[in-house]
Every structure is written in C-alpha cells, then in structure tokens.
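Subject: Structure handover

Hello,

Here is the structure you are taking over. My notes follow below it.

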Amino acid sequence: MKKLFRFIGLIFKGIWKTITFIRVALLNLIFFVILGAVVVAYQQASGPTETPPSTPSALVLNLSGPIVEQSTYLSPMDSLTGGVLGNEMPKENVLFKVVDTLRYAKDDPNVTGLVLALRDMPETSLTKLRYIAKAINEFKSSGKPVFAVGDFYNQSQYYLASYADKIFLAPDGAVMLKGYSAYSMYFKTLLDKLDVTTHIFRVGTYKSAVEPFMRDDMSAPARQSASRWLGQLWGAYIDDVANNRHIKVDTLTPDMQQFLAQFKAANGNLAELSLKAGLVDQLATRTQIRSELTKKFGSDGVDSYNAVSFYDYQSQVPHRTSIARDRVAVIVASGTIMDGTQPRGTVGGDNLAAQIRDARNDKQVKAVVLRVDSPGGSAFASEVIRNELEALKASGKPVVVSMSSLAASGGYWISMGADKIVAQPTTLTGSIGIFSVITTFEKGLSKLGVSTDGVGTTPFSGIGVTTGLSDGAKQALQMGIEHGYHRFISLVGENRHLSLKQVDSIAQGRVWTGQDALRLGLVDKLGDFDDAVALAAQLAKLKNYQLDWINEPLTPTQQVIQDLLSEAHASLGFNIESWIPAALKPAAKQLKESANILASFNDPQGQYAFCLPCQVE
C-alpha cells in the first residue's frame, strides 16, 4: 500500500520537478558556492551579534516568513541552498514566541511604541492572526501607540494592520482583500489519459479528500459544506476589521458592480479607493512616513526614527521562568499525521506518542495541553497517539486540547479523547471519515504490450499495481473502510457522550468551524491557547505552575547547525522561484502541495483520516 501511494506521488512530483529542473541543475553547478556559503555562515555566526539600542525605541514587527506552531528543523543542505538561491536564510516565526515577545515589550520602558511593517509576512490563518492581534491589543492597553506601514497589504497583513492606531499606505499601493477560498486540483482526466486505474474506498457524503482522483470538479455536497465554513471565516474576518476601523461591514463586501463603480470614482487608483473606504488613514511615501515616525519616536541620527527590529529584540528577551515545581506540559501536534518516526513539520505517530509518554512519566507534570494544528493523515498513527493519551488520562493527569487553525479528520481523532477541547470560532475541525485510494496500472501496461501472469496460493496472491484489483478484493477493502469509519464514530460517541446516530449525522466527512463544533458537541469551549492552559491548570487544581514545552530533541550536531544557520545570511540575490510567472505560481503551489500530501500517505493499512479541502487560501 505504501508503494502504491509513493508511485502516484511520483507522477505528480514529476510535474513539479519539471518546473524546478533548472534549480536542480544549477545546484550541481554551484556546489563550490555552497561550500563558500558555509564559510561565510560560520564567520557571521561566530562574529559579534547586533544588540538592540539602549535608547527608547519603537519595536518594528517586521515578520518575515510563515507563522508556525513549532519550528521545523531544516536539513543543512536545504538551508544552505535556500540561502544561496533566495534573498536570505529561511525564517520561521513560532506563534507563541511572537506573542511572548509582544507581551514582554508591553512592559519594557525602552519600547515606546509598535510599528507593524509586515510586507514580508505571507498569508496566515485567521486563527493564528487573532492570537497575535490579542497581543497587539494588550500592547495598546499600555498606552503606547501602534502604527502600520506598508506599500501593499495582503489580506493577512491588513488584518493585523487594522489593529493599529494609524495605518499608512503608499500613494501607489493597495489593500488586497480577496476573501477566503478552498480550491483543489483535480486529476481524473489526467489519470484516465495515463491509463491509471484509481480505486476509491470511502465512507461519508462529504469526505471529499478523494475527489481529486475521481472527479474533474468539486461535488455539490463538498461545495455546500465548504461554502458554509468559508462564509463563517470570512464573516469573522470582516467583522473584526470593520470593528477595528469603525466602518460598516458592507464597505468590505462590495459586489463586482459596486466595486467597479467605486473604483471608477477613484479614477482607477486603488490607494485612493482604500483611503475613501476608510481602510487606511493616510497616503504617504516612505520618506514621509519616516518623517512622521521620527517626530513620534525621535531621530536615530541618520535618516530615520529610533527603532529596533523584532528579531534583534526577540533575541534579547529573557526566558520567563517560575520557581513553581508543578508544570503544565505543552505538546504540539502540527502537520500531517504519519506512521512511525517522522521529522519536524509532520506528526510522527511514534514521536508524539513518546512525548506524551514522557509527560506521563514526569512526576512534575500535573496536566497536559495538546496543541493540535493538523489536517489528519494516517488512521493507524492517529490511533497510536490516542491510545497514549488514554494512558495519560488514566494516570490521573488531565488533558486539554487546544485547537489551532485546523484539527480535522485525524486531527480530531487525536483530540476527541481529551478531558476538555478548546477551539477558536475560526478553527476548522470535524471531517470525521475514512478513505483509501489505490492506483493500478494494468491498462497502461497492456497498451505497451506488458502482461502479468502467474499462480498464487490465495485469492489475494498477485494483486498489485500491475494486475489490478478483483471484485472480491474491492469488497474486502470497502468493508475495511466501513469498519474504520464505524470505529471512528463509535470512539467519538464514547468520548463526546453522543449516540452513534448523532455522530453519524454530523460526521460523513463534513467540516465544521469551531463555533459550529461547540453547538454540535464536538468541542467544549471557545477560546485560545491561553484559555486552554488556564483550564488545564484548573482541572489539575494548580495555582502556581510553569509551562513545560515538550519537543522532539535535536541531536547535538543538528542543534549546532540550526543555531549557526539562524544567525547567518548567505545570498547571491538570486531566486529561481521568481522566474515562475505570477499567473503560474498558484498552480505550481497546488501541484507541490498535492505531491507532498501523496508522499505523506504511509498508513500500514492504507486507511486515512485526512481533510484535503481544509487547505484555505
């Protein structure tokens, strides 16, 4: 089964590899440059580090790179090639570190204000943005001003900017609000042309993860389900922004005719349109913005205002410790759930089970918060994790699940057994269902003149990628999927105190937002990570405690490499991905994501609890 998924994964990876072929060829040619980059990186990492100015300054929140739940260890080669071919070393921003830094800055007398300069922050889930926005509001409560500066604001950048006291926009800039969408690439016709036979086994009207292999478009039930939760996410976004900017919700949701009329009235000037709509406060050039911020924060003596970069400031924020012996352990499950031991960026069933076991055996750990941000994956690995959580609960230690942006399918499987589940209103969860996809190539081989023949000792002998599946084998596989689905909904019913009929009516692979999940009994409370920690401490009857983040340890060599690369910058000012036309980038991205998803399917029984349509753009 693993080989089948790897094989089809290779088909789609081949398409992506044609796009990146030039990059691979260049890597072979510039190997000596990479070696030079190692030397440069070492020299920079071993040199003196820049320290933030001691004079009162504005903290510039110049986030660059994705916002993640947990840092991902990049291999030395990946990091170096990223540095050589990109503009700088790849960055990841751990959500909790961003929030902790803002909270520390709130009480720091040397930080006189906050400047949101988010031009390099990519699109981010609304759930994560709301947690950062909470910290920005806390910062504002100190009386310190918050400004947002930008040439162009993408949707996520503008969401955080809306919390500022004043928003600056370049005269030739724009605010890009395109709404939320859930699009997938569909491969049925391609597979038919390649004479690939796709065998689908699933339970659930809304279990649309397999639709890309059996259709060329989204089914009506999948469209209906996605329309509901996408509408709820967009409603939450525009409500927050409208409240922050003191404008009507209708201002943010014009239809095409209204937009064109407003655009025409602004003479085709997007910046002017943004100003008239109340999205920004002032159109100003970079020079004008620096002049205004200099008046507020003082001059740096060169040509700008007193400021300290978020990354420089974060490096000198002390780690908050407590003298309390009791601990609330935090375990992060972020990424696709896979069987066995897996690297960071995915949830390895064995890795996570070991971390849970460590928390159970640590006498100082009195409660556990499981932070889940996962679309699911291997049903077997999900059950391995759930079993370990059951053992943890049996030891008398309460378990609280904190759902981040996504805790669907297998992500819900590992969550449902917790003592309490806390989700954000904008969390995507549910997607309770099971499927399996098997591809065989007997048709294509036959056209090429290749046949398979032989003898076997059982009805299952010889069944494989070259021979196809017999009717009996198909029936057996479907029965296995139906058993897996029944087990899934039975476990949900037992843990959530719901009847099988109730669970089945809200399961069938359907995706729900956190606010719907609360109404349906799938979660216990709406709240963020802070609320989940407080609830875990309450269940454990703790008054004084400290958080204990349990992570998969790096080897000493990996840690040295990671520390070195986090400090170094090696660049040729050269980015191969910039060669891809803008119009093709969304398709290229989807191809890469599809290949990565298929490559992560390694369940020993070929059964998956995975939410493909939960990938929101």
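In what order do the six strands of the open sheet lie? The order is 10-7-5-4-1-11, with parallel pairing. Strands here are DSSP E runs of at least two residues, helices are H or I runs of at least four, and both are numbered from the N terminus. Two strands pair if DSSP finds at least two bridges between them.

First, the ground rules. This is a predicted model: local features need pLDDT of at least 70, side-chain atom pairs count only at pLDDT 80 or more, and totals for chains, interfaces and linings use all residues. Residues are numbered from 1 along each chain as its sequence is written, and side-chain values use heavy atoms, without hydrogens and water.

Strand 10 (282–283) and strand 11 (307–309) are its edges, each pairing on one side only. Strand 5 (residues 146–149) and strand 7 (residues 166–169) run parallel, joined by two bridges. Ala-148 stands opposite Ile-167 in strand 7.

Next, a helix pair. The axes (lines fitted to C-alpha atoms over the stretch in contact) of helix 15 (residues 349–361) and helix 16 (residues 379–394) come within 9 Å. They cross at roughly 5° (angles run from 0 to 180 degrees between N-to-C directions). The two helices are therefore roughly parallel (under 35 degrees). Contact means heavy atoms within 4.5 Å. Among the residues of helix 15 that meet helix 16 are Leu-352, Ile-356 and Arg-360. Helix 16 brings residues including Val-384, Glu-388 and Leu-392.

Best wishes

Methods:
Angles under 35 degrees count as roughly parallel, over 145 as roughly antiparallel, 65 to 115 as roughly perpendicular and the rest as oblique.
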